[in-house]
Amino acid sequence: MPDLPGVPDAVRVVRADRGAVLVLPAHALAPHDDAPVGRSGAPDGPDGHPRRVVLDRDGLVPGPDDERTVPTVGDWLLLDETPDGPRVRALVPRRTALVRDTAGKTSQTQALAANVDVVLVVEHLDPDPDLGRVERLLTLAWRSGAQPVVVLTKADLVPDPEGMAAEVADVALAVDVHAVAVPTGAGLDGVRALLAPGMTLVVVGPSGAGKSTLVNALAGREVMATGGRRADGRGRHTTTHRELVPLAGGAVLIDTPGIRGVGLVADAEALDTTFADVADLAARCRFGDCHHTGEPGCAVQEALEAGELAPRRLDSWRRLEREAAYQARRADVRLAALERDRWKKITKDMHRGLRGPGRPRG
Ligand SMILES: Nc1nc2c(ncn2[C@@H]2O[C@H](COP(=O)(O)OP(=O)(O)OP(=O)(O)O)[C@@H](O)[C@H]2O)c(=O)[nH]1
Ligand SMILES: [Mg+2]
Ligand SMILES: [Zn+2]
């Protein structure tokens, strides 16, 4: 695998549940003729079917730097064979990771998918695409280290898909935008071009956008169940788990459930990439700490007044920046708490050491 020079016996997580993972060996993911393609739900099946590996009690696996990590779809693992079955020896360091913030007072993040090359940000053309959501998912994707690509679905349901795609492209800088219609196959070739052997793609987007329909179309068979659309146009949450689907050509696709509000984990770099137009303007403001709220020499306000920057775009940038800053603060609080606990333990151990082993207290 191009992924893993020097780690020939690694297996890949195709599905992660609470206490166990389903894995496939690299050769089951590589291109070969009439491969029995792995499907989950058949633990320990014949060759080509995923194997079930039970995790330690805590559900974690040994990662780099002795850190224990929750394994996720797309992870590569090294196994040990034991009399009780396979056990995870180590997690191979992740090349990229799509991470989201999960709700909670102190920040907790969740890796949605690992070792991804391309993040397909899937958004429907009918109902109208939500540009703010596209910007949010693009930021998440840039942060992952993978290349984002936007896929606009249901092009068959609108009169001017190309015009709509151009509007989305205006907010998706440095990103390819494809409008597709699965019933007619229109636009799918552009997405198929991304499926080189060894590539890992993940689809993210709202429920009902057509992620699983797209996965099936690219796989050429019904791998994932797809859902209807409710009368109000909103999704039904048909897909309920993340799953890695090997394609015959040697690429793999990861399908994910529609995420309601995906908590942003972003850094300045990811935001500046998504909003490169705003960041460029902001760099030209007279004052380095300009808030773009009426300061003299504000290039952002000037662009707004000249109609060169959409107010929606600026609002969206501000909202995501605030959210990312808030998330980072919560992460800091959590880190500080962890650090405090660690020192408490170290000082406690130290005192115990000073007292000497086995020496009675008091
Ligand atoms: N007309 C049309 N319908 C589509 C297209 N793509 C998906 N659909 C329909 O949209 C509905 C939702 O599709 P799914 O693939 O289940 O959506 P999803 O994004 O996987 O949704 P979740 O699993 O809930 O996150 C289904 O009824 C699909 O048939 C398309 O290109 N054109
Ligand atoms: Mg789905
Ligand atoms: Zn300014």
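Residues are numbered from 1 along each chain as its sequence is written, while chains are lettered from A and ligands numbered from 1 in the order in which they are written. In this predicted model local features need pLDDT of at least 70, side-chain atom pairs count only at pLDDT 80 or more, and totals for chains, interfaces and linings use all residues, with side-chain values resting on heavy atoms and with hydrogens and water left out.

Ser212, through OG, and Thr239, through OG1, coordinate the magnesium ion (ligand 2) at 2.0 to 2.1 Å. Ser212 belongs to helix H5 (residues 211-219) and Thr239 to the loop between H5 and strand S14 (243-246), so the pair ties together parts that are 27 residues apart in sequence. Donors here are N, O and S atoms within 2.8 Å of the metal (3.2 Å for Na, K and Ca); water is not among the atoms, so sites may look incomplete. Helices (H or I, at least four residues) and strands (E, at least two) are DSSP runs, numbered from the N terminus. Both Ser212 and Thr239 are buried, a word that stands for under 20% relative accessible area, with exposed meaning over 50% and partly exposed in between (1.4 Å probe, protein chains only).

The largest pocket holds about 1,400 Å³ of space. Its lining counts 38 residues, and those closest to the centre are Thr69, Val70, Thr109, Gln110 and Ala111. On a 1 Å grid over the protein atoms alone, a pocket is an open set of points with protein on both sides within 12 Å along at least five of seven lines, and lining residues have an atom within 4 Å of a point. A volume is the space filled by probe spheres set on the points. Helix H9 (311-355) is one of the elements that each supply at least two lining residues of the largest pocket, and the largest share, seven residues, comes from H9. The lining of the largest pocket also draws at least three residues from each of domain 1 (11-91) and domain 2 (97-255), with bounds from an automatic or database domain assignment.

About 380 Å³ of space lies in the second largest pocket. Among its 24 lining residues, Gly208, Ala209, Gly210, Thr213 and Gly227 lie nearest the centre. Helix H5 gives the largest share of this second lining, three residues.

Single residues complete the picture. Thr200 sits in strand S13 (residues 200-204) and is buried, at 0% relative accessibility. The side chains of Thr200 and Arg12 are joined by a polar contact of 2.8 Å, where a polar contact is a pair of N or O atoms within 3.5 Å; within protein, one must be able to donate a hydrogen and the other to accept it, and residues adjacent in sequence count only if both atoms are side-chain atoms. Arg313, in helix H9, is buried at 3% relative accessibility, and its side chain reaches the backbone oxygen of Val171 at 3.1 Å.

Gly297 is placed in the loop between helix H7 (276-283) and helix H8 (299-305) and is partly exposed, at 22% relative accessibility. Ala248 lies in the loop between S14 and strand S15 (252-255) and is exposed, at 63% relative accessibility. From C-alpha to C-alpha, Ala248 and Ala28 are 9.9 Å apart in space, though 220 residues apart in sequence.

Conventions
1 Å grid on protein atoms, 1.4 Å probe; cavity = no way out; pocket = protein on both sides within 12 Å on 5 of 7 lines; lining within 4 Å.
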